[in-house]
Amino acid sequence: MDEDTRYEAVRSRDARFDGVFFFAVETTGIYCRPSCPAVTPKRHNVRFYTTAAAAQGSGFRACRRCRPDAVPGSAEWNVRADVVGRAMRLIGDGVVDREGVAGLAARLGYSARQVQRQLTAELGAGPVALARAQRAHTARVLLQTTDLPVTQIAFASGFASVRQFNDTIRAVYAATPSELRAAAPKGGRTPGHPSAGIPLRLAHRGPYQAGPVFDLLQREAVAGVEEVSGPPGRRTYRRTLRLPYGTGIVAVDERPGTPRPRGGGWLQARLHLTDPRDLTTAAGRLRRLFDLDADPYAVDERLAADPRLAPLVAARPGLRSPGAADPEELAVRALVGRTEAERLVQRYGKALDASCGSLTHLFPEPAVLAEAEPDGTLGALAAALADGAVRLDPGADRDDAQQALLALPGLHARTAAVVRIRALGDPDVALPGTALPDTWRPWRSYALHHLRAAGDLEF
């Protein structure tokens with residue numbers, strides 16, 4: 001998009017571009033999402049940015065009316081397989097907060113200087129600034145939706161110190177943490193004690209077909225690790241999570257939040273974490289599981305142009321391609337199936353310190369499976385995941401991962417393709433044996449889900 005096209009999107013308050021770019025107003029010193037309901041500024045006062053971090057780095061603060069930091073992430077980072085796309089997925093998973101820029105660069109196979117240069121050149125902000133913007137958003141959500149103590153929020157958001165937290169909140173929001181909390185809607189916060197969990201609104205752009213996603217999760221649910229309860233349309237998905245600092249139990253409601261007037265909405269979630277520092281990572285994994293950063297407008301426009309898919313898209317606008325909350329777990333389950341996965345959980349999964357209803361275990365780690373069942377394809381896959389020969393983290397190179405999977409004895413191409421769709425979040429995968437036209441690119445994974453929803457394909 002050129003700047004004139006972006007300005008037209010701002011003038012029309014087009015929510016399709018929320019998260020795709022941001023605009024800042026030089027006369028007010030604030031930056032906004034394209035759908036901001038405020039009076040449209042004059043063209044010569046507007047500057048455009050690819051990321052919120054770039055706008056913040058130029059001295060602009062977040063608009064308190066449209067909350068640009070709360071938009072879904074750009075779908076571009078799901079599509080792109082280059083170093084910038086991989087870096088953005090890793091930053092979203094909290095790698096910079098945990099491992100620093102050096103850790104990010106090592107995962108990407110580049111030097112820290114190269115990563116800094118590429119991100120700054122293309123996005124207008126380096127990895128530290130991008131992670132800082134993400135931390136600020138997490139902090140605002142916690143300040144305005146929970147009664148957690150400010151000190152606890154600072155560290156849960158990924159800040160190294162309370163002073164760094166205070167300085168960042170002032171710079172981004174032109175307010176102190178206490179002022180930001182006081183500005184929240186009355187009655188919008190929940191008690192910050194462990195039993196209440198942390199409430200989150202997981203934003204998405206455009207229409208969202210929650211039913212097919214929950215249908216899939218219900219069919220695949222592995223007892224002890226997952227459960228889906230409630231009648232269709234009002235179901236709740238719950239599961240256990242192994243996270244960098246501890247463990248978690250998450251719950252996501254099928255019934256969407258009230259749609260925004262110009263499109264988009266959210267899924268309501270609640271997280272129970274043994275260590276609040278895992279909040280950013282847990283939220284990112286839920287976003288990938290539910291495919292919340294997708295651009296349904298772009299997907300539907302491309303696929304609806306095909307006569308075969310047009311009626312399917314019309315029947316299910318905004319259909320998503322679900323990912324995985326734990327990519328390594330997904331790979332094992334894609335190989336062995338649900339029944340065998342339940343056996344592995346009961347035999348080798350780590351029991352929770354305190355069960356929560358039917359949720360009793362964490363899915364067994366690859367290293368545990370590799371030692372316990374070293375033979376056959378399962379043993380080979382578990383060993384490869386444990387020693388890093390197969391990488392499925394958000395920054396993994398998708399082609400390299402697929403080749404490594406196919407090199408394992410007994411692992412079929414169809415299983416590798418499913419892992420690429422689900423664990424690696426690739427939006428453009430064709431299953432072996434299915435002839436999908438190039439005109440469906442780069443959204444062939446979504447086409448597969450449309451065909452499955454229509455009963456024309458199983459995978």
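Buried, as used here, means under 20% relative accessible area, exposed means over 50%, and partly exposed lies in between (1.4 Å probe, protein chains only). This is a predicted model, in which local features need pLDDT of at least 70 and side-chain atom pairs count only at pLDDT 80 or more, while totals for chains, interfaces and linings use all residues. Residues are numbered from 1 along each chain as its sequence is written, and side-chain values use heavy atoms, with hydrogens and water left out.

A salt bridge is counted where a side-chain nitrogen of Lys or Arg lies within 4 Å of a carboxyl oxygen of Asp or Glu, and by this rule the count comes to 36 salt bridges.

| Pair | N to O distance |
|---|---|
| Glu 8 and Arg 11 | 3.2 Å |
| Asp 18 and Arg 33 | 3.3 Å |
| Arg 422 and Glu 220 | 3.0 Å |

Helices and strands are DSSP runs (H or I, at least four residues, for helices; E, at least two, for strands), numbered from the N terminus. The salt bridge between Arg 422 and Glu 220 joins helix α20 (residues 413-422) to helix α11 (residues 210-220), so that this pair ties together parts 202 residues apart in sequence. Of these two residues, Arg 422 is buried at 6% relative accessibility, whereas Glu 220 is partly exposed at 25%.

Glu 8 and Arg 11, by contrast, stand 3 residues apart in helix α1 (residues 3-11), about one helical turn; Glu 8 is partly exposed, with a relative accessible area of 40%, and Arg 11 is partly exposed at 47%. Elsewhere, Glu 76, Arg 80, Asp 82 and Glu 122 are linked in a network of salt bridges.
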